[in-house]
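Dear colleague,

Please find below the structure that I am handing over to you. My notes on what was found in it follow directly after.

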Amino acid sequence: MTSTIRGQSGALNGGVGRRLNKRQMTAFGMFALGVGYFLWYTPYSALAKAISAGMLPGMDHPIGGLVLLPAHVLGQLLAMPVFVLATGWWRYSRRRRIAGRNVPFPGRHTAEAAFWMAIIVLTTTLNFTFQGASIVLMLVLMRIGTLILSPTIDLLRRWRIHWYSAAALTLCMISAVIALTDIKNYTLTIGAVLSLGFYVLAYAMRFRIMSVQAKTGDRELDRRYFIEEHMTTPFWMLALVAVPALINAGPWMHALRIGFTTFLTTSLVIPAMLIGVCYEGLFIMTSLIFLDRREFSFCMPVHVTSSLLAGVAASFVLNGLYGATLPSSAQYIAAFIVCCAALMLSYPTVRAYVARRRGRQVATRQLLFVCGGNTSRSPMAAAIARAELAADPDTRHWRVDSAGVSVRAPGAPLTQEAVTVLVDLSVEAPLDHQSRQLTPRLCADTDVVYCMTRAQRDQVLALAPGAADRTICLDPRADIPDPSGQPLEAYGDCAIRLRTLVRSRLGEFRESYALSPESA
């Protein structure tokens, strides 16, 4: 399957790839994604609030959020294929033969992620339709939950949270608290609280899957996750609103049924469907933001910044057009602090720009991964590191090697199980790998030595005492056990753990390297 995807990437490079090559996408960056998110979120939230509050011309009464949902779903279901076909990214999806045709079909994990994303979309729209609560207030409540969630996921995955991400995250939290100071002016129903709860829960489940199945920096793997989730989410949404509408038991199910019947015959169906069209664009931007290889604590402030500013902008639009109430002073202050968070997130970009202006010379760094026999753990970690470094133009030239402290059969290849799990992670397996014994020279020529266990670190220090300050355990908390002789599942668990640890360690090394005097 991986080879099929790789083979198809050449065709994509000739189409979309020519328009958006890697360097251009890097320049496009988080700022442009944030701007795109803002531009889609403003009309989306304004339309949802205007229709649900009965503000549009010709409306004599508000429209309930549940009544709006079917039209939203249909609008997004119609808009989704336009993006998928225009980009050609459907070619990254896995395939399944159905009725004699080979059609794109999601994997189990991305299908589950799409289910949770469907709940996020539906609850987001509902949150803007509750009477007595402003757009900005509901955005603040949603963002408080996600702001707490993002560092929690990072810590559980043992991803390092950079200081500038933590600072921006703190500023966003402060802005949310300030915006809540006038909560007494609003009304929150039980339905609104439940919707907010499901929203945060769905984000937690989606991030859990995304942190394992994507955010790799590997374009093919991340796009496969993106497009499979993207194509599947509208169908989950349709099922989640259509099944209760068919059952039609209780007032909330009856409201959905009205949305599929009576409401679709009114003149409001077009603006209601435009809510779904706007969310299609919003969905693209928010997914690309969170698929950035950096920690969720870095991505979340971009998400929060754009959405809160969009909420303020939407409030101005509704005030100008229909005389809706403007945001409070506290909400203006919150928006200003969010802008400060965005400036804080620009630190890495500014630092890189200054370094380029100074004409910094590109230096080569050498990393060494060490295990016992050098046939599974260390070569797998090295392969993962090469894939991670290759995604960054500043580090793709770095050298990554592996060796063993107790190699019994020098020249042995990578185990077949290790090859299999690397392919499953869309990491190129070093098929020409030959195990080799660690030597003092290897340690002397290496900038950092990562060991799988504490015992192996002790062996490295005994062999090369001069490398003591550069020799560390890949996992500072616990040893990484050898999967040799165990079932394939043990290799898979080991590879996923290695990928998480390698990302964290490379992030630390990149930052220390970038800030060191010799690299300036």
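Gly88 comes directly after helix H4 and has a positive phi, near 75 degrees. Helices here are DSSP runs of H or I with at least four residues, strands are runs of E with at least two, and both are numbered from the N terminus. Helix H4 itself covers residues 65–87, and its end C-alpha atoms are 32 Å apart. This agrees with the 33 Å that its 23 residues should span at 1.5 Å a residue, the expected span being 1.5 Å times one less than the number of residues.

Please note that this is a predicted model, in which local features need pLDDT of at least 70 and side-chain atom pairs count only at pLDDT 80 or more, while totals for chains, interfaces and linings use all residues. Residues are numbered from 1 along each chain as its sequence is written, and side-chain values use heavy atoms, with hydrogens and water left out.

As an overview, the protein has 19 helices and 6 strands. Of its 520 residues, 54% count as buried (under 20% relative accessible area, with exposed over 50% and partly exposed in between; 1.4 Å probe, protein chains only). Among contacts (heavy atoms within 4.5 Å) with a separation of 6 or more, 79% are between residues 24 or more positions apart.

Aromatic rings

The structure holds 17 aromatic pairs. Rings of Phe, Tyr and Trp (its six-membered ring) pair if their centres lie within 6.5 Å; planes under 30 degrees apart count as stacked, over 60 as edge-to-face and the rest as tilted. Tyr41 and Tyr44 form an edge-to-face pair, because their ring centres are 5.6 Å apart and their planes stand at 80 degrees. Both residues belong to helix H3 (residues 22–52), where they are 3 residues apart, about one turn of the helix. Tyr44 is also edge-to-face with Phe128, with centres 5.9 Å apart and planes at 75 degrees. Phe128 lies in the loop between helix H5 (108–127) and helix H6 (135–156), so this pair ties together parts that are 84 residues apart in sequence. Tyr44 and Phe128 are buried, and Tyr41 is buried as well.

Elsewhere, Lys215 lies over the face of Phe296, at 4.5 Å from the ring centre (the criterion being NZ of Lys or CZ of Arg within 6 Å of the ring centre and within 35 degrees of the ring normal).

Strands and sheet

Strands E1 (residues 95–98) and E2 (residues 101–104) pair in the antiparallel sense over 4 bridges; pairing requires at least two DSSP bridges between two strands. Arg96 stands opposite Val103 in E2. The two strands form a hairpin with 2 residues between them, and Ala99 in the turn has a positive phi of about 55 degrees.

An open sheet of 4 strands has parallel pairing and the order E4-E3-E5-E6. Strands E4 (399–404) and E6 (471–473) stand at the edges with a single partner strand each, so one side of each is left without a neighbour in the sheet. Strand E5 (residues 448–451) is joined to E6 by 3 bridges, and Val449 has Thr471 as its bridge partner in E6.

Helix H18 (residues 454–463) packs on this sheet, touching E3, E5 and E6, and its direction makes about 170 degrees with that of E6. Angles run from 0 to 180 degrees between N-to-C directions, with axes fitted as lines to C-alpha atoms, for helices over the stretch in contact. Helix H15 (residues 377–390) lies across strand E3 (366–371) and E4, running at about 175 degrees to E4.

Yours sincerely
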